[in-house]
Amino acid sequence: VIGGGGKSGTLCIYEAKKRAGENGCVIGISPFEQDCQRMKSLGWVDHALQIDATNALAVLQAVSKVTHCKLADVVINCVNIPNTEMASILATRERGKIYFFSMATSFTAAALGAEGVGKDVEMIVGNGYASAHAEFALNLLRESSKLRELFEERYI
């Protein structure tokens, strides 16, 4: 999860850990040490990588290292800054999936970037709305007291 320290990133990491289970590997990426410490303390990431996602090669190297060169099956990009498309592409395994959640994403850069590096990945574009998304997010907060406490502490 690129942007794993933010609001949507935290929700994604929690859900990813549930779905990945004990044998799965969840990686959170943020340029901020405080975000990485929080991701680790919550216990939902196997790796919290402190990297600027605009540095695509640094993201590739770090994800490659923690996955033993397998890369990620799914990358969720929920940062709100431009120029993180290539980091998402390079961190994803061949035939993997990328979900671009942010409206800061340049879909031209994503498509041309994947073509330029010869990476066959499925790219899913969020349009800002998903049916029942609010109820889903609220259910996550109801389900996890740690998640709810974090959101109450930070956002209320």
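Which residues touch the most other members of the largest nonpolar core? Select Ile2, Ile29, Leu49, Val59 and Val63: out of the 24 residues in that core, these are the ones. Keep in mind as you click around that this is a predicted model.

**Stop 1: the largest core**

Now colour the elements that give two or more residues each to this core: β1 (27-30), α3 (56-66), β3 (72-77), α4 (85-91), β4 (92-100) and α5 (107-117). Helix α3 provides the largest share, with 5 residues.

Stay here and pick isoleucine 29. Leaving out residues up to four places away in sequence, isoleucine 29 touches Val1, Ile2, Gly3, Gly4, Met39, Leu49, Ile51, Val59 and Val63. Show those side chains too, and you'll meet Ile2, Leu49, Val59 and Val63 from the opening selection again.

There is also a second, separate core, made of 17 residues. To find it, select Cys36, Trp44, Val45 and Leu150, which are among its members.

**Stop 2**

Go to leucine 57, which sits in helix α3. Is leucine 57 buried or exposed? Its relative accessibility is 55%, and the cut-off for exposed is over 50%, so leucine 57 counts as exposed.

Next, follow the chain into the loop between α3 and β3, where you'll find histidine 68 and leucine 71. Histidine 68, however, has a positive phi, near 55 degrees. Leucine 71 also has a positive value, with phi near 65 degrees.

Histidine 68 has a relative accessibility of 67%, so it counts as exposed. Leucine 71 has a relative accessible area of 18%, and because the cut-off for buried is under 20%, leucine 71 is buried.

**Stop 3**

Keep the surface on and look for the largest pocket, which has a volume of about 1,200 Å³. To centre the view, select Val1, Cys12, Ala16, Val74 and Ile76, the closest to the pocket's centre of the 36 residues that line it. The elements that contribute two or more lining residues are α1 (7-20), β1, β3 and α6 (133-143). Which of them gives the most? That is α1, with 7 residues. Colour the lining by class and you get 24 nonpolar, 8 polar and 4 charged residues.

Now move to the second largest pocket, with a volume of about 310 Å³. Gly3, Pro31, Phe32, Val79 and Asn80 are the ones to select here, as they lie nearest the centre among the 20 lining residues. Both α1 and β1 supply at least two residues of this lining, and the largest share, 3 residues, comes from α1. By class, the lining has 9 nonpolar, 8 polar and 3 charged residues.

**Stop 4: aromatic rings**

Hide the surface and show the Phe, Tyr and Trp side chains. How many aromatic pairs does a search of the whole structure find? The search finds 3.

Start with tyrosine 14 and tryptophan 44, an edge-to-face pair with 4.9 Å centre to centre and 70 degrees between the planes. This pair links distant parts of the chain: tyrosine 14 is in helix α1, while tryptophan 44, 30 residues away, is in the loop between α2 (33-42) and β2 (47-50). Tyrosine 14 and tryptophan 44 are both buried.

Then select tyrosine 99 and phenylalanine 101. Their ring centres are 6.3 Å apart and their planes are at 35 degrees, so this pair is tilted. Tyrosine 99 counts as partly exposed, at 27% relative accessibility, and phenylalanine 101 is partly exposed too, at 40%.

**Last stop: phenylalanine 100**

Finish on phenylalanine 100, in strand β4. With a relative accessible area of 1%, phenylalanine 100 is buried. Show what surrounds it: leaving out residues up to four places away in sequence, phenylalanine 100 touches Asn77, Glu85, Ser88, Thr105, Phe107, Ala110, Met123, Ile124, Val125 and Gly126.

Definitions and conventions: Residues numbered from 1 in each chain as written. Predicted model: local features only at pLDDT ≥ 70, side-chain atom pairs only at ≥ 80, totals over all residues. Heavy atoms only, no water. Core = buried A, V, L, I, M, F, W, Y, C linked by side-chain atoms within 4.5 Å. Buried < 20%, exposed > 50% of the residue type's maximum accessible area, 1.4 Å probe, protein only. Helix = DSSP H or I, 4+ residues; strand = E, 2+ residues; numbered from the N terminus. Contact = heavy atoms within 4.5 Å. 1 Å grid on protein atoms, 1.4 Å probe; cavity = no way out; pocket = protein on both sides within 12 Å on 5 of 7 lines; lining within 4 Å. Points joined across faces, edges and corners; volume = space filled by probe spheres on them. Nonpolar A, V, L, I, M, F, W, Y, C, P; charged D, E, K, R; others polar. Phe/Tyr/Trp six-rings, centres within 6.5 Å; stacked < 30°, edge-to-face > 60°.
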